[in-house]
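Colleague: I am new to this structure. Could you walk me through how to read its backbone and its core?

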Amino acid sequence: MTQININVNSQPMSVISPISLSELIALKQLKDEGTAVAKNAAIISKNEWPTTYLSDNDTVDIFTLVAGG
């Protein structure tokens with residue numbers, strides 16, 4: 001296992017590699033429902049999260065829906 005540095009929503013973060021997008025979402029304690037993820041500016045479909053692994057210096061943007069009026 002190796003420590004890598006990534007940026008999540010413009011915030012630096014160190015994580016243990018290998019780590020998939022699904023594992024990152026769980027680590028951040030976010031729900032899958034209503035969440036969209038982009039890796040290096042490319043939207044990743046939810047069914048690809050478990051098999052999409054992060055590398056050193058990757059950028060991840062996580063978007064969540066917020067209900068309200």
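Modeller: Start with asparagine 57, in the loop between E4 and strand E5 (59-64). Keep in mind that this is a predicted model.

Colleague: What is the phi of asparagine 57?

Modeller: First the general idea. Most residues other than glycine have a negative phi. Asparagine 57 has a positive phi of about 70°, although it is not a glycine.

Colleague: Is asparagine 57 buried or exposed?

Modeller: Asparagine 57 is exposed; its relative accessible area is 57%. The cut-off for exposed is over 50%.

Colleague: Where does asparagine 40 lie?

Modeller: Asparagine 40 sits in the loop between strand E3 (35-39) and strand E4 (42-44). Its phi is positive too, near 50°. Asparagine 40 is partly exposed, at 44% relative accessible area.

Colleague: Which residues does the cis peptide bond join?

Modeller: Again, the general idea: most peptide bonds are trans. Here a cis bond links serine 17 and proline 18, with omega about 10°. Proline 18 belongs to the loop between strand E2 (11-17) and helix H1 (21-27).

Colleague: Now the core. Which residues touch the most other members of the largest nonpolar core?

Modeller: In soluble globular proteins, nonpolar side chains tend to be buried together. The largest nonpolar core here has 15 residues. Ile6, Val8, Leu21, Leu24, Val37, Leu54 and Val60 touch the most other members. Strand E1 (2-8), E2, H1 and E5 each give two or more residues to this core.

Colleague: What does valine 60 touch?

Modeller: Leaving out residues up to four places away in sequence, valine 60 touches Asn7, Val8, Asn9, Leu21, Leu24, Val37, Ala38 and Leu54.

How values were computed. Residues numbered from 1 in each chain as written. Predicted model: local features only at pLDDT ≥ 70, side-chain atom pairs only at ≥ 80, totals over all residues. Heavy atoms only, no water. Helix = DSSP H or I, 4+ residues; strand = E, 2+ residues; numbered from the N terminus. Buried < 20%, exposed > 50% of the residue type's maximum accessible area, 1.4 Å probe, protein only. Core = buried A, V, L, I, M, F, W, Y, C linked by side-chain atoms within 4.5 Å. Contact = heavy atoms within 4.5 Å.
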